[in-house]
Amino acid sequence: STWGNIPQSITMELHYFPIRGRGEPIRIILEHVGQPYEVKNVNSAEMKANAGTPEFPFGQVPILQDGDLRIPQSNAIVRHLGRKFGLYGKTEAEAVGVDVVIDAVESMKLEYLKLCYQHSFSDEAKAEYANLRILPAGQNVRNQGAHFAYLNSVLARNKPSQFVVGDQLTVADIMLFDIIDMHIRPGAFSVVFRAIFPELVAYHANIASLPNIANYLNSSRRMAQVNGNALG
């Protein structure tokens with residue numbers, strides 16, 4: 001059996017566009033565990049023409065091909081890899097904690113993607129986003145459960161661990177790293193985010209320094225373009 005902590009020798013395939021996007025946490029996990037993988041660039045028109053088929057079950061990517069398993073839905077892929085490679089916590093409580101962080105990050109990501117694709121990172125939309133999701137004033141209002149103070153508190157409650165759940169790296173760390181990474185770039189919210197959440201910035205730097213992850217982040221394998229519209 002290849003289930004558990006043993007990497008497969010088989011090469012996995014990640015079907016996605018040539019951007020970071022929702023494929024980035026998946027790539028980071030594969031790089032961290034040393035799992036061989038190939039990136040297969042997807043043609044959008046072909047994907048939509050085959051939407052609902054076994055090839056593209058939801059007309060979307062990323063899709064991971066792991067042997068006979070063809071897995072759509074980015075968070076399902078993350079969870080599969082977490083279980084497969086022992087990155088899902090050591091107890092039931094830690095596994096629950098991993099799921100909570102994945103879902104909390106998804107709440108934030110959905111709002112970020114609206115800012116990117118519906119509002120094109122306009123100054124007005126960025127200001128509203130910062131007010132609701134980064135600045136202290138947004139913490140106790142209706143905000144779809146998406147505020148970085150909440151994620152910051154989850155991390156703080158797990159001290160003295162340097163990870164967000166338990167005392168070793170899980171896929172929750174990769175997801176939290178990725179959503180922070182989206183926000184601390186110069187085109188996004190670098191100045192305000194670094195001022196308000198130095199703990200999250202330090203945590204991001206720590207995850208980025210793990211050897212296999214650092215190697216990937218500094219390699220040509222990492223896509224330069226973050227989002228499909230090249231904004232943010």
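The dialogue below goes through the cores, cavity, pockets and salt bridges of a predicted model.

Biologist: Why is glutamate 111 called buried?

Modeller: Glutamate 111 has 11% relative accessibility, and buried means under 20%, so glutamate 111 counts as buried. The residue lies in helix α4. Leaving out residues up to four places away in sequence, glutamate 111 touches Tyr129, Arg133, Gln144 and Ala146.

Biologist: What makes arginine 222 and glutamate 24 a salt bridge?

Modeller: The closest N and O atoms of arginine 222 and glutamate 24 are 2.7 Å apart. A salt bridge needs a side-chain nitrogen of Lys or Arg within 4 Å of a carboxyl oxygen of Asp or Glu, so the pair of arginine 222 and glutamate 24 qualifies. In general, side chains of opposite charge can pair when their charged atoms come close.

Biologist: Why is this pair said to tie together parts of the chain?

Modeller: Arginine 222 lies in the segment after α10 (211-217) and glutamate 24 in helix α1, so the pair ties together parts that are 198 residues apart in sequence.

Biologist: How do you know whether arginine 222 and glutamate 24 are buried or exposed?

Modeller: Buried means under 20% relative accessible area. Arginine 222 has 16% relative accessibility and so counts as buried. Glutamate 24, with a relative accessible area of 1%, is buried too.

Biologist: What is the N to O distance between aspartate 181 and arginine 20?

Modeller: The distance is 4.0 Å, and the two side chains meet in a salt bridge. Aspartate 181 belongs to helix α7 and arginine 20 to the loop between β1 (12-16) and α1 (24-33), so this pair ties together parts 161 residues apart in sequence. Both aspartate 181 and arginine 20 are buried.

Biologist: Which residues line the largest cavity?

Modeller: The lining includes Arg20, Glu24, Asp181 and Arg222. Two of its residues are nonpolar, two polar and six charged. Helix α7 gives the largest share, three residues. The cavity holds about 60 Å³ of space, and a search of the whole structure finds one cavity of 30 Å³ or more.

Biologist: What makes up the lining of the largest pocket?

Modeller: The lining divides into 13 nonpolar, seven polar and three charged residues. The pocket has a volume of about 420 Å³. Of its 23 lining residues, Tyr16, Arg22, Gln60, Val61 and Pro62 are the closest to its centre. Helix α4 gives the most, with four residues.

Biologist: Which helix gives the largest share of the lining of the second largest pocket?

Modeller: Helix α5 does, with six residues. About 200 Å³ of space lies in this pocket, and Glu111 is one of the residues that line it. The lining has four nonpolar, three polar and five charged residues.

Biologist: How many residues does the largest nonpolar core have?

Modeller: It has 61, and Leu81, Phe148, Ile180, Phe189 and Phe193 have the most contacts inside it. Helix α7 (residues 171-183) supplies the largest share of this core, nine residues. Another core, of seven residues, lies apart from it, with Met47, Phe56, Val61 and Ile63 among them.

Biologist: What is phenylalanine 193 in contact with?

Modeller: Neighbours within four places in sequence aside, phenylalanine 193 is in contact with Ile134, Phe148, Ile180, His183, Ile184, Leu200 and Val201.

Notes:
Residues numbered from 1 in each chain as written. Predicted model: local features only at pLDDT ≥ 70, side-chain atom pairs only at ≥ 80, totals over all residues. Heavy atoms only, no water. Core = buried A, V, L, I, M, F, W, Y, C linked by side-chain atoms within 4.5 Å. Buried < 20%, exposed > 50% of the residue type's maximum accessible area, 1.4 Å probe, protein only. Helix = DSSP H or I, 4+ residues; strand = E, 2+ residues; numbered from the N terminus. Contact = heavy atoms within 4.5 Å. 1 Å grid on protein atoms, 1.4 Å probe; cavity = no way out; pocket = protein on both sides within 12 Å on 5 of 7 lines; lining within 4 Å. Points joined across faces, edges and corners; volume = space filled by probe spheres on them. Nonpolar A, V, L, I, M, F, W, Y, C, P; charged D, E, K, R; others polar.
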